[in-house]
Amino acid sequence: MTASRTRIGLSAPWIDERDEELVLEVLRSGWLSLGPTGPRFESLVAAAVEAPHCAAVSSGTAGLHLCMRLAGVGPGDEVVTSPYSFVASANCAIYEGGTPVFADIDPRTYNLDPDAVVAAITPKTKAIVAVDIFGYPCELAELTAICEQHGLSLVEDACEALGARYRGRPVGSHGHPAVWAFYPNKQMTTGEGGAVTTHDAGEHELLVSLRNQGRLETSSWLQHGRLGFNYRLDDISAALGIGQVEKLDRILAARRGVAAEYADLLADVDVELPIEDDVDHERSWFVYVVKLPAGVDRDGVMHRLSDEGIATAPYLPSIHLQSYMRERYGFREGMLPVSEDCSSRTLALPFHARLERADQERVAAALRAAIA
Ligand SMILES: Cc1ncc(COP(=O)(O)O)c(C=O)c1O
C-alpha cells in the first residue's frame with residue numbers, strides 16, 4: 001500500500017460556487033418544494049435534450065417507474081430490456097406487475113442487440129426499455145421500427161447518457177419518453193434526482209400528476225384524481241441542477257478529454273477500450289469501462305489497484321443473475337451468454353470531469369502492472 005498517495009476515487013461531482021449560490025438562494029427563499037425553481041430546472045433540461053416537455057422526479061428509478069405507467073404496463077405484461085444494465089431498468093416493470101424479459105446485448109456496444117429483442121417478443125410484450133449503457137446510444141432506429149411493427153411502447157433509459165447524440169440529434173429528442181438520472185456519479189447531479197422528457201403533452205400531464213400523488217391540474221391539495229406517488233424533486237435539488245445544466249457543456253467536454261487521455265495511456269495495455277463514436281452514435285462519457293482479456297482474474301486486478309489506492313468497480317453484473325431475479329424467475333447462467341461474458345470481464349476505472357492526468361497515469365501504470 002502506497003500510504004503517502006491520495007486515494008483515487010471512482011467518481012466525483014463537479015460542484016462550484018455558482019451551485020452553492022443557487023442552493024442558498026432557495027434555502028433563503030423558504031420555498032423548498034413546488035416553488036419556481038423546479039420548472040426553471042425542467043426548462044433547462046428540456047432544452048438541453050431538445051424535448052418539448054420535462055418532468056423532474058426524485059430519481060431515475062422513479063422516472064422509469066412512471067414510464068411503465070405511460071406505457072400501460074400491468075400484470076401479465078412483458079417488458080423486454082437489457083440484462084447488462086443497472087437493476088432499475090428491469091425493476092420498473094416488476095413494480096407494475098409486469099415481467100422483465102431479457103434480450104442479449106451486442107458485445108461491442110454493450111447495448112441491446114435488436115435481433116435478440118425481436119426474438120424475445122411474445123404476444124404478452126407491452127414495451128421495450130432500451131438502455132444507453134455507459135452513455136453510448138442504443139440502436140434507436142432499429143428499436144423504434146421494432147416497436148412500431150409490434151405495437152409496443154419504447155422507453156429509453158438514458159440515465160447514463162445526458163448529452164449523448166444519436167444520428168446527429170440529442171438522445172431525448174427522438175420522440176419517445178427518455179429517463180434521466182442525477183445521482184452524484186452521473187454527468188451532472190442534483191444529489192438524488194431524475195427527470196422524464198417527453199414529446200407528448202398528454203404524457204407530460206400524466207407524469208406531473210403521478211409524481212405528485214395523483215393530483216390533477218384542477219385538484220386542490222387534498223384532492224387526488226388517481227393513484228400516484230411522491231416522486232417530486234425538491235427545489236433545493238433543482239437549484240443544484242440549474243447550476244449543473246448551466247455548465248453541462250463544460251462538464252461533457254472535460255469528461256471527453258479525460259476519456260481521450262485514458263485511450264492514449266492505455267493504448268499498450270492488454271484490455272479492450274470503450275468503442276469510439278461513429279456517424280450514428282456519439283457517447284456522453286459516463287464511466288470509463290475496459291474489458292479484461294478472458295482468463296484474467298478480475299478480482300485480483302481490482303485488489304492490486306485497491307492496494308495502490310485506486311478505486312474500481314465490476315460494472316456491470318448481469319441483472320438476471322442477481323439473487324432476487326434467480327429466485328423470482330428461475331434465471332440461470334448461460335441464458336444470456338454475451339451479457340454474462342461482459343459482466344465477468346468489464347471493469348470501471350476512476351473517471352470524472354476533473355480527474356488529473358497524473359492520477360490517470362497512476363491508474364494506467366497500476367492496471368498495466370496488474371495485468372502483466
Ligand atoms: C442505466 C440506469 N438506469 C437507472 C438508474 C437509476 O437511477 P437512480 O439511481 O437515480 O434511481 C441508473 C442509475 O444508477 C442507471 O445507471
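The lining of the second largest pocket in this predicted model divides into five nonpolar, six polar and five charged residues. This pocket has a volume of about 330 Å³. Of the 16 residues that line the second largest pocket, Glu205, Val208, Ser209, Leu216 and Glu217 are the closest to its centre. The largest share of this lining, eight residues, is supplied by helix α7, which spans residues 201-211.

**The largest pocket**

- The volume of the largest pocket is about 380 Å³.
- Its lining consists of 23 residues, and those closest to the centre are Phe86, Ala181, Tyr183, Asn185 and Lys186.
- Sorted by class, the lining of the largest pocket contains twelve nonpolar, seven polar and four charged residues.
- Helices α3 (60-70) and α4 (88-95) each contribute at least two residues to the lining of the largest pocket.
- With three residues, α3 provides the largest share of that lining.

**The three-stranded sheet**

- Strands of a sheet pair through backbone hydrogen bonds, and the pairing may be parallel or antiparallel.
- In this model, three strands form an open sheet in the order β7-β6-β10, and their pairing is antiparallel.
- The edge strands are β7 (169-170) and β10 (281-282), each of which pairs on one side only.
- Strand β6 (residues 165-166) runs antiparallel to β7, and two bridges join them.
- Arg165 has Pro170 of β7 as its bridge partner.

Notes
Residues numbered from 1 in each chain as written. Predicted model: local features only at pLDDT ≥ 70, side-chain atom pairs only at ≥ 80, totals over all residues. Heavy atoms only, no water. Pairing = 2+ DSSP bridges. Helix = DSSP H or I, 4+ residues; strand = E, 2+ residues; numbered from the N terminus. 1 Å grid on protein atoms, 1.4 Å probe; cavity = no way out; pocket = protein on both sides within 12 Å on 5 of 7 lines; lining within 4 Å. Points joined across faces, edges and corners; volume = space filled by probe spheres on them. Nonpolar A, V, L, I, M, F, W, Y, C, P; charged D, E, K, R; others polar.
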